[in-house]
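Take a look at it first, and then we'll go through the details.

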Amino acid sequence: MEAFQNGETVNQTEYIKMKIKDLKAINFPPGLLLRIETDEGIYGYSEAFCPKEHVLSLKPLIVGQDPTNVENVMRRIRHKGGFKPWGAGASGIEVALWDIASKVAGLPVYKLLGGKVRDAVRVYCDCGAGIEGDGQDYSIEGYVRNVERKKKQREHFSILKFDIGFHGSEGGLLQSAPNRVYEADRDYPTQGHMTEEGIDYQIKVVAALKECLGTEIGLALDCGPGLSLPSATILAKKLEQFNLAWAEDMLTGDMNPYVDADSYFALSSTTTTPTLTGEQIYLRQGFRDLVEKRAVDFVSPDICDAGGMMETKWIGEFADLFGILIAPHNYGHAIEFMANVHVGAVLPRNFVAFEFHRSDEPWWMDIIKGVEKPLIKDGHVTVPDTPGLGFELDERAVTKHLPEGERFFE
Ligand SMILES: [Mg+2]
């Protein structure tokens with residue numbers, strides 16, 4: 001048997017007693033890039049969106065362990081994680097372990113996760129709100145400018161997602177003008193009850209977006225978190241006319257350290273607008289109530305927060321058993337993007353698309369080499385057949401985007 005190392009094949013029996021030598025993290029805004037180093041010189045890469053100290057606190061628990069026994073390593077650190085951002089350390093490590101294990105096997109990660117069921121994986125584009133110059137804009141004209149621009153992108157996304165509700169900077173659309181919400185604050189996440197003006201304005205924004213997109217491109221909305229249950233119920237009902245791909249985090253979600261499955265069940269039961277949540281949730285157990293109660297139509301685990309690649313596959317299969325769809329959240333750079341391609345390749349038929357958040361950073365693909373570029377064509381990514389996550393990290397490109405004072409994995 002032969003394994004893959006730095007572009008060359010080597011004798012695999014050398015890796016039987018392989019050990020983790022080091023775990024390194026570097027700031028790469030808005031998060032961290034991670035590298036697990038082994039005594040055989042094989043590296044595994046990943047990302048995390050949490051304080052560097054949190055990731056590095058896990059290092060003593062994994063050094064000396066065999067990285068190819070992924071679950072055995074995870075058993076040592078999984079209990080150190082929690083809802084976003086505290087699951088990021090353990091989740092990021094899990095991704096890097098699969099990168100190493102599959103490089104050792106000389107196979108792409110998807111083979112170790114059970115094998116692919118699709119050759120190309122659908123990806124959707126997060127668009128934020130409107131644009132005014134380089135800034136965020138919640139005017140209808142701003143949204144129209146942005147949607148016109150996004151629908152012409154060379155990636156030809158089949159689903160675009162826009163922010164309404166409280167999602168976005170400075171309290172989002174609902175707090176960007178007076179009289180759209182009765183009571184809320186600018187702390188995030190928030191929850192509030194909309195005024196009639198707030199409801200009407202959001203419907204006007206969505207109508208303008210739909211007019212630009214027609215039926216050719218699907219529209220998803222990130223709505224919070226979150227609205228009061230009565231507000232979410234009213235809004236979801238009024239949004240039915242637009243046949244959305246989904247409405248995200250209408251009640252709770254991003255950064256909420258809990259799940260409110262009963263409220264989501266009440267909401268989802270009253271509307272045909274598909275509901276989605278889950279980007280902050282840690283582990284399959286965190287999704288259990290939402291799935292078993294059929295409280296939402298979609299779950300959206302983030303590989304780098306939910307516990308990793310195998311964990312996300314497990315969540316997707318569990319959801320499929322209950323007729324629930326999956327559209328993984330992804331805020332990451334090119335490494336988490338590639339992790340999503342491998343997981344997207346192995347998920348069952350309930351997989352719809354994974355998220356892409358970097359469309360306004362034209363250099364996003366530069367940090368990885370050895371992949372066919374552009375990565376996104378016709379709204380899909382071809383699943384790579386090269387070992388590991390399928391790329392080599394480009395030190396020069398990463399260094400170019402490091403914050404001042406940060407060095408490449410020293
Ligand atoms: Mg979201």
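Two strands pair if DSSP finds at least two bridges between them. Helices (H or I, at least four residues) and strands (E, at least two) are DSSP runs, numbered from the N terminus. This is a predicted model, so to speak of local features takes a pLDDT of at least 70 and side-chain atom pairs count only at pLDDT 80 or more, while totals for chains, interfaces and linings use all residues. Residues are numbered from 1 along each chain as its sequence is written, and side-chain values use heavy atoms, with hydrogens and water left out.

Let's start with β6, which covers residues 120–126. Five of its seven residues are buried, so the strand is mostly covered; buried means under 20% relative accessible area, exposed over 50%, and partly exposed in between (1.4 Å probe, protein chains only).

| Partner of β6 | Sense | Bridges | Facing residues |
|---|---|---|---|
| β18 (residues 380–382) | antiparallel | three | Ala120 and Thr382 |
| β15 (354–356) | parallel | three | Cys125 and Phe356 |
| β9 (residues 159–163) | parallel | two | Asp126 and Lys161 |

**The β3-β4-β5 sheet**

Elsewhere, three strands make an open antiparallel sheet, in the order β3-β4-β5. Which strands stand at the edges? They are β3 (20–28) and β5 (43–48); each has a single partner strand, so one side of each has no neighbour in the sheet. On average, neighbouring strands here are turned by 20 degrees against each other, direction ignored.

β3 pairs with β4 (residues 31–38) in the antiparallel sense, over eight bridges. One of the facing pairs puts Ala25 opposite Leu34 in β4. As a reminder, in a regular strand the side chains alternate between the two faces of the sheet.

Helix α4 (residues 88–105) lies across β3, β4 and β5. Its direction is at about 155 degrees to β5. Axes are lines fitted to C-alpha atoms, for helices over the stretch in contact, and angles run from 0 to 180 degrees between N-to-C directions.

**Two helix pairs**

Two packed helices are described by the angle between their axes and the distance between the axes. For α8 (residues 229–239) and α9 (residues 261–268), those values are about 30 degrees and 9 Å. The two are therefore roughly parallel to each other; angles under 35 degrees count as roughly parallel, over 145 as roughly antiparallel, 65 to 115 as roughly perpendicular and the rest as oblique. On the α8 side, Leu229, Ala232, Thr233 and Ala236 meet Ser263, Ala266 and Leu267 of α9, where contact means heavy atoms within 4.5 Å.

The other pair is α12 (residues 309–321) and α13 (residues 334–346), whose axes come within 10 Å and cross at roughly 35 degrees. Met309, Thr312 and Lys313 of α12 make the contact with Ala339, His342, Val343 and Val346 of α13.

**Two loop residues**

Gln65 sits in the loop between α2 (59–62) and α3 (70–77). Is Gln65 buried or exposed? At 18% relative accessibility, Gln65 counts as buried. Leaving aside neighbours within four places in sequence, Gln65 is in contact with Met18, Lys19, Ile20, Asn72, Val73 and Arg76.

Asp360 belongs to the loop between β15 (354–356) and β16 (368–369). With a relative accessible area of 49%, Asp360 is partly exposed. Not counting residues up to four places away in sequence, Asp360 touches Arg149 and Lys150. The C-alpha atoms of Asp360 and Pro348 are 30 Å apart, with the two residues 12 apart along the chain.

**Cysteines**
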